[in-house]
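Subject: Structure for you to look at

Hello,

Please find the structure below, with notes on what was found in it. Keep it open while you read.

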Amino acid sequence: MSPTGTVIGNSRIFMRAVAVLILAAALLFPGPAKASVVIEGAPLWLRERMERSAASVWAEIRQGGSASANDSLRLLSLVAERVFAGFDVADSFYRGEKAVLQLRPQEGAASWKVEIFTPQLAFPVDGWFREDVSGLGEKIVSHLGHLPVDALSWADGPLKELIDTLCSPRLPGWSASLLVRLEKEGPILRVSFVPKPPFVLAVVPRVSSDTLPVMLRSDLNENILRTLSPVVGLPIEWVSAHRDKVEEMAAGSLRQTNIVGNTRSAVEVSFKAAQIAAADAFVDSPKYSVRAWVAAYAGSDTKYPEIGLHMGRKFLPVSGWDMELYGEWILSANDFSLESRWGIRWSPWKNILAGVERAFPGNVTWYRIWIEGGVRAPYLWWRISEDGDHHVGAGYRLNQRISLEIHYDGRDEDKVSIRALSDL
């Protein structure tokens with residue numbers, strides 16, 4: 001070998017040795033965050049990471065100061081080919097004060113395929129998931145381009161970040177898991193999904209109604225439990241993102257029940273995703289009202305436990321005037337005497353009812369007003385007879401079933417008593 005060849009060979013060996021040392025220094029002592037190297041020819045989602053790494057190497061090279069500008073650029077290209085496996089440096093040059101590296105995939109660059117594997121979910125939430133990932137595979141392929149398989153030795157982290165970025169808006173609460181499989185036709189990226197805590201652990205339904213008795217609402221509670229069981233065990237974030245679908249699923253199931261269908265009730269469901277998720281349903285019939293209750297008194301020797309039943313038929317004679325024809329029957333437990341009331345009432349304002357009724361025995365006309373407060377709220381009702389007698393109840397509804405009230409009846413010796421009511 002000629003002396004000149006020996007010098008060139010030694011020079012190349014020296015350059016490779018220097019490149020290794022610079023690479024080690026760049027990894028141990030990262031350079032400035034602001035890149036002074038521009039990478040071209042690589043996927044956009046990789047460029048920032050590549051430019052930061054190349055900038056670290058470039059800073060180490062320039063700190064030496066002994067090599068010429070062209071030698072420094074060649075050294076940067078040599079290190080880049082070592083660092084960015086799968087890519088060759090097609091060209092390198094200066095653009096102002098920045099070094100530019102034009103990369104190209106090595107021969108046999110990959111033509112990627114993406115397989116999306118959905119988790120095993122119950123109907124109908126499995127369909128929601130498929131809707132969420134629709135078109136996701138094509139979107140991932142468009143970002144991968146012809147990324148060389150060898151590049152995954154250093155680009156696996158950025159690739160995972162890319163997939164998470166693409167999946168997170170569609171699938172909150174799910175973590176993507178990646179697996180690369182090499183086939184004859186090319187590499188295949190398999191994307192599967194694992195749920196992330198916290199999860200929906202249970203659903204607590206609560207059906208309220210101004211027109212249906214409690215005994216019928218319990219069946220509706222069970223219906224909601226069965227209907228919403230597919231969301232139990234799923235990520236709270238994802239279930240919350242599908243809140244509208246969950247509410248419609250529950251409402252649609254209630255509408256199919258005989259109770260709602262026969263009473264022609266309207267259904268509204270409000271769902272709040274949490275570990276103990278709340279599903280509140282309001283079922284109200286525009287045609288019928290039914291209520292049954294038992295009551296017991298304290299503080300009066302003239303009042304005895306009683307059982308009551310209210311049945312009404314609603315109608316709308318004039319727009320904005322909700323009216324109801326009703327009958328009430330109250331059975332006393334001491335002598336089984338029965339009082340019946342037949343009346344009509346209407347709602348001039350929300351939660352307020354006013355009416356007139358005829359009570360038997362006695363054939364007495366009573367004027368009556370109701371002011372309802374809802375669950376865990378106070379309420380008031382007041383009856384005044386044509387003879388001037390007053391019958392008043394002011395109470396508090398503890399829950400959907402139990403109420404306590406101060407009861408006043410001007411016809412009795414013990415006019416004031418405490419009454420406890422339990423809706424049936």
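How closely do the axes of helix H5 (residues 136-144) and helix H6 (residues 152-167) come, and at what angle do they cross? They come within 11 Å and cross at roughly 145 degrees; axes are lines fitted to C-alpha atoms, for helices over the stretch in contact, and angles run from 0 to 180 degrees between N-to-C directions.

Before the rest, some ground rules. This is a predicted model, in which local features need pLDDT of at least 70 and side-chain atom pairs count only at pLDDT 80 or more, while totals for chains, interfaces and linings use all residues. Residues are numbered from 1 along each chain as its sequence is written, and side-chain values use heavy atoms, leaving out hydrogens and water.

The chain as a whole

The protein chain has ten helices and 19 strands (DSSP runs numbered from the N terminus: helices are H or I with at least four residues, strands are E with at least two). Of its 424 residues, 41% count as buried (under 20% relative accessible area; exposed is over 50%, partly exposed in between, with a 1.4 Å probe and protein chains only). Among contacts (heavy atoms within 4.5 Å) between residues at least 6 apart in sequence, 48% join residues at least 24 apart.

H5 and H6

On the H5 side, Leu-136, Lys-139, Ile-140, His-143 and Leu-144 meet Leu-159, Leu-162, Ile-163, Leu-166 and Cys-167 of H6.

Helix H7

H7 covers residues 214-227, and its 14 residues should span 20 Å at 1.5 Å a residue (1.5 Å times one less than the number of residues). Its end C-alpha atoms are 20 Å apart, which agrees. Val-214, Arg-217, Leu-220, Asn-223, Ile-224 and Thr-227 are its buried residues. Seen down the axis of H7, they fall within an arc of 155 degrees, so they line one face of the helix (the arc is that of the directions from the helix axis to the C-beta atoms). The elements covering them include strand E7 (202-208), helix H9 (243-255) and strand E19 (416-423).

Tyr-408

Leaving aside residues up to four places away in sequence, Tyr-408 touches His-390, His-391, Val-392, Lys-415 and Val-416. Tyr-408 and Trp-382 are 26 residues apart in sequence, with their C-alpha atoms 9.4 Å apart in space.

Regards
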